[in-house]
Amino acid sequence: MDRITEMNRDRFLRLQNFMDQGVRIEDPFTTYIAEDVVIGKGTVIYPLTVIEKDVRIGENCSVGPFARLRPGTRLQDGAGIGNFVEVVRSTVASGSKAKHLTYLGDAEIEEDVNIGAGTIVANYDGTHKHKTTVRKGAFIGSGSILVAPVVIGKNACTGAGAVVTRNRDVPDDAVVVGVPARIHKK
């Protein structure tokens, strides 16, 4: 057996093992999952998804299509990662979702958070990587940029296109808009 055939056989056996354990892989021919990945029962992996080493996915999650989960990614039960979303060294808690065109790097996304389309967590300042925390129930508007380090408070909301600059934490229940983001007065 040539090396390519052997590699493909090993990859398909790994995917079959996940499917035997209750993971639904929509298209095994276009899905890559590294050897040490853990995926819980009831999770659906959509086509053209890449899941690299050191990734842990809970039960009843949704990943892809066209998603990339890099090392250090943790998806808790019921989390959703959608199309063209990249996640690295981040935790996405139960009930939270990032469904479209998003980058989450070095982020802690708590429960029941919605990350809007086109959101970027700008975690690298050119020298160091920094952490972003998005607290429970927050809503991140489409096209927002969160410049780490920053904390988005519980039930807070960023308006579409808001740029939350480093060290300018958003308080609980606040709504911020603009560039740079500022608290929207009621």
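The protein chain holds one helix and 23 strands. Keep in mind as you read that this is a predicted model. Its radius of gyration is 18 Å, which agrees with the value near 16 Å that a compact globule of 186 residues would have. Welcome to the tour; the points below go from the whole chain down to single residues.

**Overall shape and surface**

- Along the principal axes, the C-alpha atoms of the protein chain fill a box of roughly 65 × 35 × 20 Å.
- Of the 186 residues in the protein chain, 42% are buried.
- The accessible surface of the protein chain is about 9300 Å², and carbon and sulfur atoms account for 53% of that surface.
- Taking contacts in the protein chain between residues at least 6 apart in sequence, 11% join residues at least 24 apart.

**Cysteines**

- Zero disulfides turn up in a search of the whole structure.
- Cysteine 61 has a relative accessible area of 2%, under the 20% cut-off, so this residue is buried.
- Cysteine 157, with a relative accessible area of 22%, is partly exposed.

**Around valine 175**

- Valine 175 sits in strand β22, which covers residues 175–177.
- Beyond its neighbours within four places in sequence, valine 175 is in contact with Cys157, Arg182, Ile183 and His184.
- Valine 88 is 87 residues away from valine 175 in sequence, and their C-alpha atoms are 27 Å apart in space.

**Backbone features worth a look**

- As background, most residues other than glycine have a negative phi, and most peptide bonds are trans.
- The peptide bond from glycine 64 to proline 65 is cis, with omega near 5°, and proline 65 lies in the loop between β7 (62–63) and β8 (68–69).
- Phenylalanine 66 is also found in the loop between β7 and β8; its phi is positive, near 60°, and at 39% relative accessibility it counts as partly exposed.
- Another cis peptide bond joins valine 179 and proline 180, with omega about -10°; proline 180 belongs to the loop between β22 and β23 (182–183).
- Leucine 101 has a positive phi near 50° and is placed in strand β12, residues 97–105.
- Leucine 101 counts as exposed because its relative accessibility of 52% is over 50%.

How values were computed. Residues are numbered from 1 along each chain as its sequence is written. This is a predicted model: local features need pLDDT of at least 70, side-chain atom pairs count only at pLDDT 80 or more; totals for chains, interfaces and linings use all residues. Side-chain values use heavy atoms; hydrogens and water are left out. A disulfide is a pair of cysteine sulfur atoms within 2.5 Å. Buried means under 20% relative accessible area, exposed over 50%, partly exposed in between (1.4 Å probe, protein chains only). Helices (H or I, at least four residues) and strands (E, at least two) are DSSP runs, numbered from the N terminus. The radius of gyration is taken over C-alpha atoms; the globule rule is 2.2 Å times the number of residues to the power 0.38. Contact means heavy atoms within 4.5 Å. Accessible areas come from the Shrake-Rupley method with a 1.4 Å probe; for residues, only the protein chains shown count as cover.
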